[in-house]
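Take a look at the protein below. This report walks through its strands, its rings and its cores.

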Amino acid sequence: QILRTDLFGAAHHGGALHIDETGTRHLVWFTGAPDKPGLYYRWLSRDKAGPPQHFGQIEQQAGHPQVATQQGKVHLVWREYDGQHNQIRSQNSVDRKNRWSKPQTLAETTGAADDPLLLSGRQALWLIWNTADDGLQIRKIAP
């Protein structure tokens, strides 16, 4: 169900696309546009489209977003750097795109780290992240 593509957004950040069971497309991307830089989420259905919604903190180098749906929730993850730690941050929407939780940190490291990936399988949603300090991490983030 998870599709990742580097065909939209900034080439060095890529973007991500997930199509849920209703056929709604959920997209996330990074833009370096001078007037509105940062990470964005948008949904598209057959005849409707939601407005682009900004998320993450550009001043903490928010980038490399991923999106997936699981049991009616939309999950966003991305990487940020606070000056000392690479962090995987997360937000989710329980109503499929309208109201969002506050951002939270799912993982962090002081060493080098890869970008986060989301994978759905075995009736769960998994965060996959590789760090120099802790190696490959696979964490269930949704039932």
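Which residue is the bridge partner of Leu 119 in strand 11? It is Trp 126. Before going on, here are the ground rules. This is a predicted model, in which local features need pLDDT of at least 70, side-chain atom pairs count only at pLDDT 80 or more, and totals for chains, interfaces and linings use all residues. Residues are numbered from 1 along each chain as its sequence is written, and side-chain values use heavy atoms, with hydrogens and water left out.

Strands are DSSP runs (E, at least two residues), numbered from the N terminus. Two strands pair if DSSP finds at least two bridges between them. Strand 10 and strand 11 pair over five bridges, in the antiparallel sense. They belong to an open sheet of three strands with the order 10-11-12 and antiparallel pairing. Strand 10 (117–121) and strand 12 (135–142) stand at the edges, each with a single partner strand, so one side of each has no neighbour in the sheet. On average, neighbouring strands here are turned by 30° against each other, direction ignored.

Thr 131 lies in strand 11 (residues 124–131). Thr 131 is buried, with a relative accessible area of 5%. Buried means under 20% relative accessible area, exposed means over 50%, and partly exposed is in between (1.4 Å probe, protein chains only). Leaving out residues up to four places away in sequence, Thr 131 touches Thr 109, Ala 112, Ala 113 and Gln 137. Contact here means heavy atoms within 4.5 Å.

Another open sheet has four strands in the order 6-7-8-9, and the pairing is antiparallel. Strand 6 and strand 9 are at the edges with a single partner strand each, so one side of each is left without a neighbour in the sheet. The twist averages 20° from one strand to the next.

Follow the bridges across this sheet. Six of them join strand 6 to strand 7 (residues 73–81). Val 67 stands opposite Leu 76 in strand 7. Eight bridges then join strand 7 to strand 8. In strand 8, Leu 76 has Gln 91 as its bridge partner. The hairpin of strand 6 and strand 7 has two residues between the strands, and Gln 71 takes a positive phi near 50° there.

Is strand 6 mostly covered or uncovered? Strand 6 (residues 63–70) is mostly covered, with eight of its eight residues buried. His 64 is found in this strand. His 64 is buried at 15% relative accessible area. Its side chain makes a polar contact with the side chain of Asp 115, at 3.1 Å. A polar contact is a pair of N or O atoms within 3.5 Å; within protein, one must be able to donate a hydrogen and the other to accept it, and residues adjacent in sequence count only if both atoms are side-chain atoms. His 64 and Glu 80 are 16 residues apart in sequence and 8.9 Å apart in space, C-alpha to C-alpha.

**Aromatic pairs**

Rings of Phe, Tyr and Trp (its six-membered ring) pair if their centres lie within 6.5 Å; planes under 30 degrees apart count as stacked, over 60 as edge-to-face and the rest as tilted. The count comes to three aromatic pairs. Two of the pairs are set out here.

| Pair | Centre to centre | Angle between planes | Type |
|---|---|---|---|
| Trp 29 and Tyr 40 | 5.9 Å | 20° | stacked |
| Tyr 41 and Trp 100 | 5.1 Å | 70° | edge-to-face |

Trp 29 in strand 3 (residues 25–31) and Tyr 40 in strand 4 (residues 38–44) are eleven residues apart. Both Trp 29 and Tyr 40 are buried. Tyr 41 in strand 4 and Trp 100 in the loop between strand 8 (86–93) and strand 9 (104–109) are 59 residues apart. Tyr 41 is buried, at 1% relative accessible area. Trp 100 counts as partly exposed, at 24%.

**Nonpolar cores**

A nonpolar core is a set of buried Ala, Val, Leu, Ile, Met, Phe, Trp, Tyr and Cys residues joined through side-chain atoms within 4.5 Å. The largest has twelve residues, including Tyr 41, Val 67 and Leu 76. Strand 3, strand 4 and strand 7 each supply at least two residues of this core. A second, separate core has eleven residues, among them Val 77, Ile 88, Leu 118 and Trp 129.

Key:
Axes are lines fitted to C-alpha atoms, for helices over the stretch in contact, and angles run from 0 to 180 degrees between N-to-C directions.
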